[in-house]
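User: I would like a close look at one part of this model. Please keep it brisk.

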2 protein chains.
Amino acid sequence: MDILSRNIQDYLKHIYALTEDGGAASTTDLAARLGVAPASVTGMIQRLANAAPPLVEYRKHQGVRLTPHGEKAALEVIRHHRLLETYLVTMLGYSWDTVHEEACRLEHVISEEFESKIAAVLGHPTHDPHGEPIPNEALEMPADQALPLSALRPPQKALILRVRTENPALLRHLEQLGLVPGTKIQVVGYSSFDQNLTIHITQARNLQHVIGFSISSQIYVALQSFP
Amino acid sequence: MDILSRNIQDYLKHIYALTEDGGAASTTDLAARLGVAPASVTGMIQRLANAAPPLVEYRKHQGVRLTPHGEKAALEVIRHHRLLETYLVTMLGYSWDTVHEEACRLEHVISEEFESKIAAVLGHPTHDPHGEPIPNEALEMPADQALPLSALRPPQKALILRVRTENPALLRHLEQLGLVPGTKIQVVGYSSFDQNLTIHITQARNLQHVIGFSISSQIYVALQSFP
DNA sequence: TATTATTTTTAGGTAAGACTAAATTATTTT
DNA sequence: AAAATAATTTAGTCTTACCTAAAAATAATA
């Protein structure tokens, strides 16, 4: 298992995402993300677990996690992806809702030389245009204490760190609302019935939006100490 | 045959190169270029000829040429490749002997949006770093009356237009000699025994090199009218 | 025309995925 | 605890997209 196919790289990338919280990734979740049948996932997982060296740790019915080897491979792909997104937006004028697709294709083919050259041109960025952290050259993920906006309650204040979605329509919507990384907000309302949050954008005088859980759970923020 | 595999794209690219002179491309030549057995080429050629629409015109034992459809596909790949080479050298500091490999991988995955964005950033270049013409957006190849340096005899003068090789070692060698696109030269010697040419570099006072046929036949020039 | 070189055919192989259907195992609910 | 539901795995197939070696056919050349 010397060179990993694009497909395998994608599996690893998604397993990484599903296990970031510390748990294991289930067959079904992986299948849903990858758009294939659960049985296909089991098959691939078995291949990954039996590879030398093993890329995942797998016990039947318990889900998978990445081995150190698998994690390294996943981080390599993720670094490629996020550097590419940053490059495309910064240097080629891509909009943040269209970069994902292009980066998904390029991430599997660029060389280490390409990676290091765009990293240098960009000044070794630590976050991509969506605010996602970019693993450094040693593949260490910059840590931050982000929590989902959906966890906040009035009158908490926060700084938007990242937007965890690739849905182009949603990204355009968020951009319109001004809910992008770097924006300072205050939660001014919460409805326990539908979990809607009312968000006030600190910088703008009269800007206020009501957003549902499916949106607020995808926006990650850092709490601002309340004076 | 809606989306063409990388492999097919490579076949088309090489068929294009082998038929630029007007002739047909032979199975053996193609096999040699692609690094596969002749039988494999025959098989693939038949697939390409039977595709809808057909990508090549093929009669047994007569070699292949591209159909208009196949040519269009080939030019698309070639445009990608040459724009990428130009971009990598100009914007990311690649050296002209290392770009080829990177471009070969990227050429198959970039979108039309990517293509048009780098073309714009570069100011719609007509030639790549090796002097090879870049098809324009309409996939028309810029014409020029280049002829191989090996065809010149003393005391003809010429301008180097392009260097038709991807061999990194040879490219480095040529760069050292100063035999790069844009250089003005004069042929000051010819040996009919070994076909060696003695080349004087016009701009430099005392620079003179003796080069063999295997090199001079890969350098393409435009004749300069002799005053 | 005989020989050589090239090309094509034949027959078969591999690797990477994906799929369905049936069987098994876990988890809930009654 | 038994039954029902949900999730997972097995087993067996299929497709695609190549590749190859050896034999046969064709074309080119001495």
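Predicted model: local features only at pLDDT ≥ 70, side-chain atom pairs only at ≥ 80, totals over all residues.

In what kind of crossing, left-handed or right-handed, does α4(A) pass α5(A)?

Analyst: α4(A) passes α5(A) in a right-handed crossing. The contact draws on both helices. From α4(A) come A:His81, A:Leu84, A:Glu85, A:Leu88 and A:Val89. From α5(A) come A:Val99, A:His100, A:Glu102, A:Ala103, A:Cys104 and A:Leu106. Sorted by class, the contact has 7 nonpolar, 2 polar and 2 charged residues.

Now the geometry. In chain A, helix α4 covers residues 68-92 and helix α5 covers residues 99-106. They pack at an angle of about 130 degrees. Their axes lie 9 Å apart.

Next, chain B. B:His108 sits in the loop between α5 (99-106) and α6 (112-121) of that chain. Its relative accessibility is 16%, so B:His108 counts as buried; the cut-off is under 20%. The side chain of B:His108 makes a polar contact with the side chain of B:Gln9, at 2.6 Å. The B:His108 side chain also reaches the backbone oxygen of B:Cys104, at 3.3 Å. Leaving aside residues up to four places away in sequence, B:His108 touches B:Arg6, B:Gln9, B:Asp10 and B:Val77.

Conventions
Residues numbered from 1 in each chain as written. Chains lettered and ligands numbered in written order. Heavy atoms only, no water. Axes fitted to C-alpha atoms, helices over the stretch in contact; angles between N-to-C directions. Helix = DSSP H or I, 4+ residues; strand = E, 2+ residues; numbered from the N terminus. Left-handed = near helix turned anticlockwise from the far one by under 90°. Contact = heavy atoms within 4.5 Å. Nonpolar A, V, L, I, M, F, W, Y, C, P; charged D, E, K, R; others polar. Buried < 20%, exposed > 50% of the residue type's maximum accessible area, 1.4 Å probe, protein only. Polar contact = N/O pair within 3.5 Å; in protein donor to acceptor, adjacent residues only side chain to side chain.
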